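Please read the report below alongside the sequence and the structure, which are shown first.

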Amino acid sequence: MSDPTTATRIDFIAPLTGVLVPIEEVPDPVFAQKMMGEGFSIDPLAGQLVAPVAGEVVDVQQSGHAVTVRSEDGLDVLMHIGLDTVALQGQGFTPLVEQGQRVTVGQPLIDFELDFLATRAKSLLTQIVIANSDRVDSLSPKSGLVKAGQDVAAEVVLAGESTNDGAAGSTAAGVAAGAGAGVAAGAAAGAASAGGSDTTIAEVIIPNPTGMHARPAANLVNVAKDFESDIQLDKDDESGSAKSIVSILAMALAFGDKMTITATGPDAQQAVTALTEAINGGLGEDVGTLPSGTADTLATPAVEEPSQAEPVHVTDEPRSGDPNVLLGVTASPGLGIGRVVQMRQTEIQVQETGEDPGQERAKLDAAIQTSINELGELQQRLVNEGSEDKAEIFGAHQEILRDPELVNQAQTGIDQGKSAAFAWRESYTGFATQLEGLQNEVLAGRAADMRDVGQRVLETLTGQHREQAELAEGTILVAEDLTPSDTAQLDRSKVVGFATTQGGASSHVAIIARSMDIPAVAGIEARALDIPEGSRVVLDGTAGKLQLNLSDEQISGIEARQQRMAERKAVEDAAKDEPAVTTDGHRVAVVANIGGADDAREAMQHGAEGVGLLRSEFVFMERPTAPTEQEQADVYAECSRALKPGQPLVLRTLDVGGDKPLSYLPIPKEENPFLGLRGVRVGLEQPEVLRTQLRAIFAAAGAGAELHVMFPMIATIADWRAAKAIFDEEKAASGITTKVSCGIMMEVPSVAVMAQQFAAEEGCDFFSVGTNDLTSYTLAMDRGHPKLAAQVDPCNPAVLTLIGQAAAALHAQGKWLGVCGGVASDPQAVPILVGLGVDELSASIPAIPSVKAKVREYSLEQCKELAAQAVTCSTPEEVRSLVPMDQD
């Protein structure tokens with residue numbers, strides 16, 4: 001034990017091989033909010049849990065998913081594999097130790113089947129927490145990849161305390177009881193600690209389908225700690241303190257178990273009442289009605305077993321409610337009809353042990369150089385074909401292979417006796433896993449690139465090259481994921497679409513698919529992998545879905561519609577450079593949303609009349625340090641020169657936050673980043689970032705386009721005035737005379753509600769509506785939530801009403817309103833937006849010709865009539881019915 005005045009430091013060795021993750025990022029509040037104690041999390045890459053400290057095993061959960069080791073310093077270290085894994089009832093877990101067993105550092109505790117759990121658990125993130133954190137002064141986790149039994153995962157400093165203070169209060173006392181003390185001993189301890197005060201006793205039945213596992217146990221402890229009384233829990237010959245999570249877990253309380261709560265102390269009655277109500281309420285879990293009967297009949301009915309296993313199979317249920325419709329997200333728009341070819345990934349077999357380290361390093365160097373040469377040839381071929389956007393991706397792949405950290409990590413493994421192939425695989429998969437764990441969707445999407453180039457080198461090292469399937473015309477590929485290399489080399493004359501269970505709209509695979517005009521759906525339901533080869537399906541990239549079991553008549557109808565759509569698109573493309581003017585002469589500006597100069601040039605080819613949203617984040621992302629003022633100015637000027645002189649270029653200032661952080665821009669981790677430091681709030685919190693960007697914008701003001709600056713996430717007049725003051729100061733200091741207007745990205749409902757006040761602000765020249773966030777904030781729904789996403793429709797009458805209010809307020813001041821969110825590209829929304837008073841529609845680049853064509857179909861009066869009806873509708877469906885989708 002530690003000296004009375006000296007804190008003791010303990011190194012926690014990694015109990016798993018994997019990537020360290022801050023416990024605050026675990027998608028379970030019981031762990032993230034540290035209700036179970038201080039700790040850290042690991043995303044495992046191997047299926048064995050080992051002891052992080054030497055000590056005694058005080059609990060092994062019956063389901064095998066969790067174990068607790070008490071260290072020699074008295075810390076109760078709970079290790080919980082995955083989230084919601086208790087529902088598996090032991091499937092996939094093999095405990096290797098028993099309660100009461102002594103273990104050494106690195107000794108295996110539990111084997112688990114990684115692949116099996118990955119398809120059934122909510123998450124594989126494994127939590128390591130100190131249940132009696134009152135004995136800890138600090139816990140400092142490391143970061144990055146760690147190896148089980150070798151690397152230090154965290155440093156723990158014990159709180160300085162006397163060795164004669166007892167067993168760390170009620171927590172350790174409860175642990176001792178839970179570790180084997182009988183009911184009488186536990187009751188005696190409780191009476192002694194409470195000094196003979198009043199005692200209250202009650203009986204409860206455990207209603208939780210999977211018993212008192214970690215989450216409900218943590219919630220119970222939090223309730224118990226609110227009371228002074230000593231609170232004992234008893235079941236048969238097991239007992240423990242209600243204020244100790246370890247002792248509760250050690251009792252192995254199962255569904256239907258009868259438990260006695262005994263509280264002794266000044267608030268005993270209140271404590272028992274509170275705990276009884278909390279337990280009966282499920283302690284944060286959904287619980288059904290307990291069957292009637294005695295404890296004997298409650299604990300044994302076999303009919304309860306199927307209901308306990310149901311959560312394992314939830315993912316097999318169709319999200320759409322229709323087994324013939326599989327849902328995902330749009331990666332590339334379009335419609336494809338064809339037959340399924342399943343692309344299965346075969347794992348390359350590697351030898352772990354290497355030969356001479358010098359020979360292994362030479363093998364690795366040669367394989368990397370060969371892969372760089374292959375990528376260079378692929379890049380040049382794509383340049384020659386005019387596909388420079390795709391070629392740039394493979395230029396980036398070459399840079400990945402030149403990354404010293406990636407190579408050094410592999411060479412370290414070789415020096416430890418591993419083969420070149422094994423060490424390389426460990427290195428690149430480790431880095432890819434780190435990327436996948438990032439909150440930023442764009443950066444996380446780069447994990448596919450890391451795995452792609454890593455696989456290329458591994459194939460060269462082992463000679464085990466993937467076989468390229470022979471594809472027939474009319475093929476729709478289905479796969480867990482496609483690499484950028486796979487996608488870039490698809491034969492467009494044969495592949496009419498693809499769907500992947502992984503990836504997203506920002507991945508390089510999606511970017512390549514859009515550039516090749518191949519319909520694609522990402523993140524589709526996993527049951528897509530079970531579709532039989534050769535099945536005829538329809539893939540709707542625009543709607544993000546795949547349809548099965550269609551009749552010949554339905555297929556013929558879709559093919560006819562496909563032909564009509566192609567004909568209509570040709571007409572729209574032919575008129576893409578014509579202005580968007582209603583039948584009665586009202587002109588609407590149709591501009592583009594872009595992420596860089598290449599996008600700006602492409603937008604011009606699609607008939608854009610300028611840029612309504614330049615997402616400036618692209619300048620800041622995927623780099624280790626912040627861009628300089630000159631670097632930013634050069635990029636903004638290049639975007640400006642890509643437009644015609646005098647066309648508008650609306651530039652949104654840096655929009656990052658806790659949900660999409662930058663490694664070099666420290667932003668504290670927040671429980672809800674969407675309501676925290678985000679957008680302009682970051683610029684106001686760290687004004688030099690905003691000032692540098694504004695100086696760069698002003699330096700680019702004379703490049704040709706007419707610049708407009710808008711601030712994201714403005715919520716209050718104070719936000720606006722603070723940002724505008726910085727704008728005015730930097731503009732004055734720049735000495736420019738070119739006009740640069742300033743406005744607000746309207747994505748917070750308060751701006752729409754107070755539109756009259758904001759519109760009256762001096763120097764506020766315009767609003768541009770970010771309908772994606774405005775809809776989420778208005779409806780209090782996350783558009784990425786699997787159960788709520790379908791309801792997050794910007795055609796909701798509440799959202800349309802806010803847009804109409806803003807338009808009226810701005811027009812009264814002689815100012816303009818734009819819409820730069822996804823709804824500006826929605827053909828059903830376009831005439832309604834025009835009728836609400838929207839002056840500018842900023843659409844995705846491919847949608848520009850069709851948005852213009854839609855404006856030309858209506859008169860302004862018709863648009864106003866539709867808008868007036870829309871804001872009186874009750875649902876988004878009613879709104880959309882006002883502008884039926886074309887079926888021709």
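## A partly exposed glutamate and its partner

Glu155 counts as partly exposed because its relative accessibility is 23%, where buried means under 20% relative accessible area, exposed over 50% and partly exposed in between, with a 1.4 Å probe and protein chains only. The side chain of Glu155 meets that of Arg9 in a salt bridge, at 3.5 Å from N to O; the term stands for a side-chain nitrogen of Lys or Arg within 4 Å of a carboxyl oxygen of Asp or Glu. This pair links distant parts of the chain, since Glu155 belongs to strand S14 (residues 152-158) and Arg9 to strand S1 (residues 9-13), 146 residues apart. Arg9, with a relative accessible area of 51%, is exposed. Strands (E, at least two residues) and helices (H or I, at least four) are DSSP runs, numbered from the N terminus.

This is a predicted model, in which local features need pLDDT of at least 70 and side-chain atom pairs count only at pLDDT 80 or more, while totals for chains, interfaces and linings use all residues. Residues are numbered from 1 along each chain as its sequence is written, and side-chain values use heavy atoms, with hydrogens and water left out.

## Other salt bridges

Side chains of opposite charge can pair when their charged atoms come close. The structure holds 35 salt bridges, and one of them joins the side chains of Glu360 and Lys363 at 3.6 Å, N to O. Both residues lie in helix H10 (residues 357-384), three residues apart, which is about one turn of the helix. Glu360 counts as buried because its relative accessibility is 4%, whereas Lys363, with a relative accessible area of 37%, is partly exposed.

Another salt bridge is formed by Asp773 and Arg678, whose closest N and O atoms are 3.3 Å apart. Here too distant parts of the chain are linked, with Asp773 in helix H27 (residues 771-779) and Arg678 in the loop between strand S30 (648-652) and helix H22 (680-685), 95 residues apart. Asp773 and Arg678 are both buried. Elsewhere, salt bridges that share partners join Glu629, Glu688, Arg691, Arg695, Glu729 and Glu730 into one network.

## A four-stranded sheet

Four strands form an open sheet in the order S15-S18-S16-S17, with antiparallel pairing; two strands pair if DSSP finds at least two bridges between them. Strand S15 (199-205) and strand S17 (238-241) are the edge strands, each pairing on one side only. On average, and with direction ignored, neighbouring strands of this sheet are turned by 20° against each other; the axes behind this angle are lines fitted to C-alpha atoms, for helices over the stretch in contact, and angles run from 0 to 180 degrees between N-to-C directions.

S15 and S18 are paired in the antiparallel sense over seven bridges, and Thr199 has Thr264 as its bridge partner in S18. Strand S16 (residues 230-235) and strand S18 (residues 258-264) also run antiparallel, joined by five bridges, with Leu233 standing opposite Ile261 in S18. In a regular strand the side chains alternate between the two faces of the sheet.

## Two single residues

Thr462 lies in helix H15 (residues 447-462) and counts as partly exposed because its relative accessibility is 25%. If its neighbours within four places in sequence are left aside, Thr462 is in contact, meaning heavy atoms within 4.5 Å, with Ile348, Gln349, Val350 and Ala421. Thr462 and Ile348 are 114 residues apart in sequence, and their C-alpha atoms are 8.0 Å apart in space. The side chain of Thr462 also reaches the backbone oxygen of Leu458 at 2.9 Å and the backbone nitrogen of Gln464 at 3.2 Å.

Asp76 is placed in strand S7 (residues 76-80), and a relative accessible area of 2% makes Asp76 buried. The side chains of Asp76 and Arg70 are joined by a polar contact of 2.7 Å, that is, a pair of N or O atoms within 3.5 Å, where within protein one must be able to donate a hydrogen and the other to accept it, and residues adjacent in sequence count only if both atoms are side-chain atoms.

## The chain as a whole

The chain has 32 helices and 35 strands, and buried residues make up 52% of its 888 residues. Of the contacts in the chain with a separation of 6 or more, 71% are between residues 24 or more positions apart.
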